[in-house]
Amino acid sequence: MLVNLQEILADTRQKHYAVGLFNCVTLEMTKGILAAAEELRSPVIIGPAESLLTAATLEEYADMMLGMARRAAVPVALHFDHGFTPELVERAIGLGFSSVMYDGSMLPFEENLRRTRDMVAKAHEAGCSLEAEIGHVGSNGSAEDDISRTVYTDPADAVRFAGESGCDALAVAIGTAHGVYTQTPVLNLDCLARIAAACPTPLVLHGGSGLSDEDFRACVANGISKVNIFTHNNLAAARAANSHFNQSTGAFELMPVITEAVKRETMHHMRVFGSDGKA
């Protein structure tokens, strides 16, 4: 069933688990993620990011994913991730996405707050939830290449931003980075704990693909309600296709192999995040 982000994250902090946003760009990936959620009885968040619109348009993603989300036997939020362009965020809202992220984290604080507040009003009018970001999650070269330095989120800024913007979830910067890691990240769990203690809004961890299972569990224990995953599933899909391909293998034969690989990878993370059995 299709739900928004506010609904899907409602009891995460109280019950000490997180829900995964598994970015997906193909039918096989989407099927694998939803199959994992249904088998484990886990709520789940799916959808593309602005940086992934080179593979398909927002309209094409909506055509594929909205019906699948509505038919699912568990709560599913369809989320447009890292929307930097206001027009694209508004288009996602109009297409029926139940959740969007407006990412103004590279803007000055006051400008980010003003623009986010305006976008929250538009999203809420349509029954859509909105995620925002302050601080900045850096890049390891595979996404947002012009940004390489993480600016940690200040707890006082988080409280003010969440309260004044009205956002439904807030992505915070605690030492992770987007993409494939070139070195081991150093998490600032003390910063995270201080943000969570001061800010009741659900907190989001971006750039999680290079973390260990223990790192994820520590982040959830210290207040994270939503974790973004793409690289793990993207690589699992590619490796499955590569390992099963030969000169007589067609795309059709590879589809179930890719779906199963993504399902297994997703199930692992759902168990780590503690969302299994929560649907």
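**Learning to read this model**

Q: Let's start with one residue. Leaving aside its neighbours within four places in sequence, which residues is valine 44 in contact with?
A: Here's the list for valine 44: Ile8, Val19, Gly20, Phe22, Ile33, Leu34, Ala37, Pro75, Val76, Ala77 and Met270. Keep in mind that this is a predicted model.

Q: Which residues touch the most other members of the largest nonpolar core?
A: That core has 73 residues, and Val44 is one of those with the most contacts to other members, together with Ile46, Val100, Leu130, Leu170 and Leu203. There's also a second, separate core of 13 residues, with Tyr17, Leu21, Ile45 and Val204 among them.

Q: What pLDDT does the protein average?
A: The average is 91, and 91% of the residues score at least 70.

Q: How do helix H10 and helix H11 cross?
A: Look at residues 231–244 for H10 and 251–273 for H11: their axes come within 8 Å and cross at roughly 145°. The crossing is right-handed. On the H10 side, the contact includes His232, Ala236 and Ala240, while Leu254, Val257 and Ala261 are among the H11 residues. Sorted by type, the contact residues come out as nine nonpolar, five polar and one charged.

Q: And at what angle do H7 and H8 cross?
A: Roughly 35°, with the axes of H7 (residues 155–165) and H8 (residues 189–198) coming within 9 Å. This crossing is right-handed. Pro155, Ala158 and Val159 of H7 meet Cys191, Arg194, Ile195 and Ala198 of H8. Six of these contact residues are nonpolar, none is polar and one is charged.

Q: What about backbone angles: which phi value does histidine 16 have?
A: As a general idea, most residues other than glycine have a negative phi. Histidine 16 has a positive one, near 60°. You'll find histidine 16 in the loop between helix H2 (12–15) and strand S1 (19–23). Histidine 16 is exposed, at 57% relative accessible area.

Q: Where does arginine 41 lie?
A: In the loop between helix H3 (27–40) and strand S2 (44–47). Arginine 41 isn't a glycine, yet its phi is positive, at about 55°. With a relative accessible area of 36%, arginine 41 is partly exposed.

Key: Residues numbered from 1 in each chain as written. Predicted model: local features only at pLDDT ≥ 70, side-chain atom pairs only at ≥ 80, totals over all residues. Heavy atoms only, no water. Axes fitted to C-alpha atoms, helices over the stretch in contact; angles between N-to-C directions. Helix = DSSP H or I, 4+ residues; strand = E, 2+ residues; numbered from the N terminus. Left-handed = near helix turned anticlockwise from the far one by under 90°. Contact = heavy atoms within 4.5 Å. Nonpolar A, V, L, I, M, F, W, Y, C, P; charged D, E, K, R; others polar. Core = buried A, V, L, I, M, F, W, Y, C linked by side-chain atoms within 4.5 Å. Buried < 20%, exposed > 50% of the residue type's maximum accessible area, 1.4 Å probe, protein only. pLDDT = per-residue confidence, 0-100.
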